[in-house]
Amino acid sequence: MAPPSDFPVPHIFLPSQPHSYTIIALHGRGSNGPEFAEDLFEDKSSQDLTLAEHLPHTKWVFPSSQKRHSTVFQEEMDEWFDIYSLTDPSTKEELQFEGHRDSVKHILGIISKELEIVPASNIVLLGISQGCATAIHVLLAGQHQLGRFIGIAGWLPFRKQVDNQAALSKFYNETLDLPITSACQIQTTATTPALLCHCTDDDVVDVELGHQLRDTLTASDLNIDITFTEFASGGHWIPAPHGFDAIVNFLRHRGFE
């Protein structure tokens, strides 16, 4: 499976100490890798440290999406996939197929390169908003159990297919052209522990979509180990400092540094 070649080169933030871990972080619609990196490292935890300072052995990889034509906005924009509605993401769902296919393959290619350097258990996949929506299918369509998954202010595309491993495997193979060998492969990747964060006052991706994401992943036969943290305020972002504390604690509790 050759990943698409027309994506920008990822933005890399190198660790300040010897490299032991990698976090691959996917931006939201209308942003890009360098911009997401700048925003993410601006805020601090309650210890007055950025995520990079908390995790000195971690290399950060910030991929950028392709520019795609937005059906809603009628213009080219940075987005992982086209989408018609965030009120009901299943509306005109076929618009999402091409972008998901290309973007998932691209991120899987980045993971493969990192696997040449660190073990899968030391790789974290993180995404915000549309980046979270994309990263979920990167996780499930992959071939390895990663160390951790972190989803922020996201939702679950193709929710009906995710309810059943066999249906999801068929959907990946036949609709998204992702080479899933069996439902067992999906079950292996789904054992990655996940942290989902969402703010109640998010006016871009309603928190109810975050609840649907959590409930579908835990109720389906994937049975993913999810920690769901909801914040009263913070909008469509990670509230500082408590949201950053949650991310650091989730990673530290499982051995990352």
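**Cysteines and nonpolar cores: a tour**

Start by selecting Cys132 and Cys197: the sulfur of Cys132 lies 9.7 Å from that of Cys197, its closest cysteine sulfur, which is too far for a bond. A disulfide here is a pair of cysteine sulfur atoms within 2.5 Å, and by this rule the count is 0 disulfides. Next select Cys199, which is in no disulfide either; its nearest cysteine sulfur, in Cys197, is 8.3 Å away.

This is a predicted model, in which local features need pLDDT of at least 70 and side-chain atom pairs count only at pLDDT 80 or more, while totals for chains, interfaces and linings use all residues. Residues are numbered from 1 along each chain as its sequence is written, and side-chain values use heavy atoms, with hydrogens and water left out.

Show the surface around the cysteines. Cys132 is buried at a relative accessible area of 0%, and Cys199 is buried at 1% (buried: under 20% relative accessible area, 1.4 Å probe, protein chains only).

Now select Ile24, Ile107, Leu125, Leu140 and Tyr172. These have the most contacts inside the largest nonpolar core, which has 47 residues (a nonpolar core: buried Ala, Val, Leu, Ile, Met, Phe, Trp, Tyr and Cys residues joined through side-chain atoms within 4.5 Å). Elements giving two or more residues to this core include strand 2 (21-26), helix 3 (97-114) and helix 4 (130-141) (DSSP runs numbered from the N terminus; helices H or I, at least four residues, strands E, at least two). Helix 4 gives the largest share, 8 residues.

Centre on Ile107. Leaving aside residues up to four places away in sequence, Ile107 touches Ile24, Leu26, Pro63, Trp80, Leu125 and Val138 (contact: heavy atoms within 4.5 Å).

Finish with Trp60, Ala246, Ile247 and Phe250, which are among the 30 residues of a second, separate core.

Terms used: Buried means under 20% relative accessible area, exposed over 50%, partly exposed in between (1.4 Å probe, protein chains only).
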